[in-house]
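The whole chain is summarised at the end.

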Amino acid sequence: MRAIVLLSVLISCYLVIAEDYYELLGVERDADDRTIRKAFKKLAIKKHPDRNTDDPNAHDEFVKINKAYEVLKDENLRKKYDQFGEKGLEDGFQGGNNYQSWQFYNDNFGIYDDDQEIVTLNRADFQRMVSDSNEIWFINFYSTYCSHCHQLAPTWRKFAREIEGTIRVGAVNCAEDPQLCQSQRVNAYPSLVFYPTGEFYQGHRDVELMVDFAIQRLKSEVLHLNSENWKALSEDWEPYNRLPWVVDMCGGDHIDCLSSTTRRKLSSMLDGLANVATIDCNAEEALCSKFNPITSGVMWFPARKLVKKSQINIESMDAQEISKSVIQYLDELEDISVESLQRLLEGNDPDEPIAVWMLANDAQSTERKDFRRLPALVTTQIFKFDCSKSSEICDELLDKTKLPQFMVFKTTGGYEIDYAGSKDFHAASTFIREASKSHIHVLNRDSYEYAISGGEFYIIDYFAPWCPPCMKLLGEYRRFHTATSEDSMLHTVAIGSLDCVKYKDLCQQAGVQSYPTSIVYTPDGKTHKMVGYHNVDYILEFLDNSLNPSVMEMSPEQFEELVMNRKDEETWLVDFFAPWCGPCQQLAPELQKAARQIAAFDENAHVASIDCQKYAQFCTNTQINSYPTVRMYPAKKTKQPRRSPFYDYPNHMWRNSDSIQRWVYNFLPTEVVSLGNDFHTTVLDSSEPWIVDFFAPWCGHCIQFAPIYDQIAKELAGKVNFAKIDCDQWPGVCQGAQVRAYPTIRLYTGKTGWSRQGDQGIGIGTQHKEQFIQIVRQQLKLDEHDEL
């Protein structure tokens, strides 16, 4: 019998994916936002009902596509979908029906997705690539629905092409990510903002003026060489003597020379890679005669060799072309020897972080000349290693089909691997910068055994290299320690990553069933599991809940003592779960969050969980038929009579923290009574003061105000009576009181003499707790020294 029950529960929790959203849009599971938008736009233009009027199924087909896009473009919805499929979407998520016209998708949608010079940024990208980097950005904050934004688009594209390589140019769609725009103080569209200073561009939106604005804010310098300083600069003075030279001769016989703007652009493009200098040949004819320039006068020289025999002429006047030529002449990254790499792998921790570019062969380095820019972008030492010359080391460490990949060896011990594989030098610099500072390191069989049994505070990230959410989670863990204060216990936590393809047996032993899965191992021997991708803020909250749990782990004996024999004023919310159940794992962190808020709201309200795999017979006897089952055992002492000893959380409600809190608040003991037609006799005929909340159950502001109203009622208990009236259930009462908006709060001060009070009372126009109490105090002339 138990096996049958368990089987039925397994079936109820089994993941069924009706439609694969990635297949619907024709994208890979690791597709970025831009790729998803481009794929959706292509399908929207082709399959939109406006263009398929003869197809009776066009609307339904488009709703499917639109729903897939709405889920995959939203970080939280996509996370839940990746983990649990459509079952993981809150209440099934009935999106997709609201869509725009065909013309909107053709003309207005994804306006910068085809412009490779412009980086489209979401919130996570912005934090990593803009806020946490030392790069210079000019970003256009726009809205899809803003006509001025579309008018600016051609100019912004031209600007991006003009300034490409000098600074990075971005775009943020505030219609899709309003919180990001608000966090950057963007209140109008389009807004052009220069970073890292956060300065708003206030000038005319002209390409030349915007280029000039950006150039004026560059910190890179253009050197002016003359007969007195050229030798010292090139041979003696730091840091100039360490870098090669790009020299522009101007004047005299050199008619064609670079403009000051082009020089500034070039200096920024080559910042940290080469010195950019100019010589005024009208004033320095003798110095110019030492070289042999062509007509353009632009020359390249190696470091410390500013002499004619070392010069290479560059036949271009374009900053981008000159920069590409210079990159060709730069030295390749230095090779690291097999012996040095072996010492790092054996645990000889470096004094400073070291990055190693692991290559399948040397040709991969030649094909990616732009990666020679890396030494100028990061402070970490960078080497390269050719795996074809020592396959034993690489076979043990890496999947050689995924090369090239970076490894970063840390001063704190161990190393980290860029499993995602950096697509360009910008991505590589981000990985190296983050990995050099982070405490995360790759685990092997020996270090894993120590991590789970060494008595330390450890987080282990169980992942698969092919899993896109796993790669995103590793990025969040890299930023973990920068998000914690140095005096925090969380700052000392060690983080290890275990490759479940390589160490499948270890992951199975740990009970890992999906990727990514994180398990927290505490010094007292307890473990806490977190499934799926989450951002760093969520991880910190999860760890806080793990160390200071707000949900009690309850045994059947404790259930009998604390719940069934609870005190009259106590309320218990109990989560009956199974560890293997995906929805249970999804609910757990939301329940922890809700439990904290519930306890803060009412000290007699408690939340607990019972493991139905561990206590299977107990759960069967308690008539638990599916997981998770969240059951409310309300207080016995309450003004409102209860019709049942317990209530199960409704299946149609979302299982998130806010929804759980709102549901629980309805069961907590309250000073607020529910009224209907008895409003007239109870309130209007009373000589005592009453406050009445006229609300509608579907009204969001009503729902948000309800717990505040309960708190006010508790603080004013004994001085004022409180009631609420559901205007959907009692429309005649609300119409008689001339209620025209929800919530409407009225104060009735009490009748005088024999006459009934008017039904409109005194309106209270605030939902702020302290202001509300102050208004009541003034209206009822309560003694100012009276404690409320």
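In this predicted model, helix 23 covers residues 536-547. Its 12 residues reach 17 Å from the first C-alpha to the last, close to the 16 Å expected at 1.5 Å a residue.

The buried residues of helix 23 are Val536, Tyr538, Ile539, Leu540, Phe542, Leu543, Asn545 and Ser546. An α-helix has 3.6 residues a turn, so residues three or four places apart point the same way. The cover over the buried residues of helix 23 includes the elements in the table below.

| Element | Residues |
|---|---|
| Strand 17 | 458-463 |
| Helix 21 | 468-478 |
| Strand 19 | 517-521 |
| Strand 20 | 527-531 |
| Helix 25 | 582-601 |

How do the axes of helix 23 and helix 25 cross? They come within 10 Å of each other, at an angle of roughly 70°. The two helices are therefore roughly perpendicular to each other, and helix 23 passes helix 25 in a left-handed crossing. On the helix 23 side, the contact is made by Tyr538, Glu541, Asp544 and Asn545; helix 25 contributes Pro589, Gln592, Lys593 and Arg596. By type, the residues of this contact divide into two nonpolar, two polar and four charged. Tyr538 and Asn545 of this contact are also listed among the buried residues of helix 23.

The protein chain as a whole has 31 helices and 30 strands. Of its 788 residues, 51% are buried. Its C-alpha trace spans about 110 × 70 × 60 Å along the principal axes. Among contacts with a separation of 6 or more, 71% are between residues 24 or more positions apart.

How values were computed:
Residues are numbered from 1 along each chain as its sequence is written. This is a predicted model: local features need pLDDT of at least 70, side-chain atom pairs count only at pLDDT 80 or more; totals for chains, interfaces and linings use all residues. Side-chain values use heavy atoms; hydrogens and water are left out. Helices (H or I, at least four residues) and strands (E, at least two) are DSSP runs, numbered from the N terminus. The expected span of a helix is 1.5 Å times one less than its number of residues. Buried means under 20% relative accessible area, exposed over 50%, partly exposed in between (1.4 Å probe, protein chains only). Contact means heavy atoms within 4.5 Å. Axes are lines fitted to C-alpha atoms, for helices over the stretch in contact, and angles run from 0 to 180 degrees between N-to-C directions. Angles under 35 degrees count as roughly parallel, over 145 as roughly antiparallel, 65 to 115 as roughly perpendicular and the rest as oblique. A crossing is left-handed if the near helix is turned anticlockwise from the far one by less than a right angle, and right-handed if clockwise. Ala, Val, Leu, Ile, Met, Phe, Trp, Tyr, Cys and Pro count as nonpolar, Asp, Glu, Lys and Arg as charged, and the others, Gly among them, as polar.
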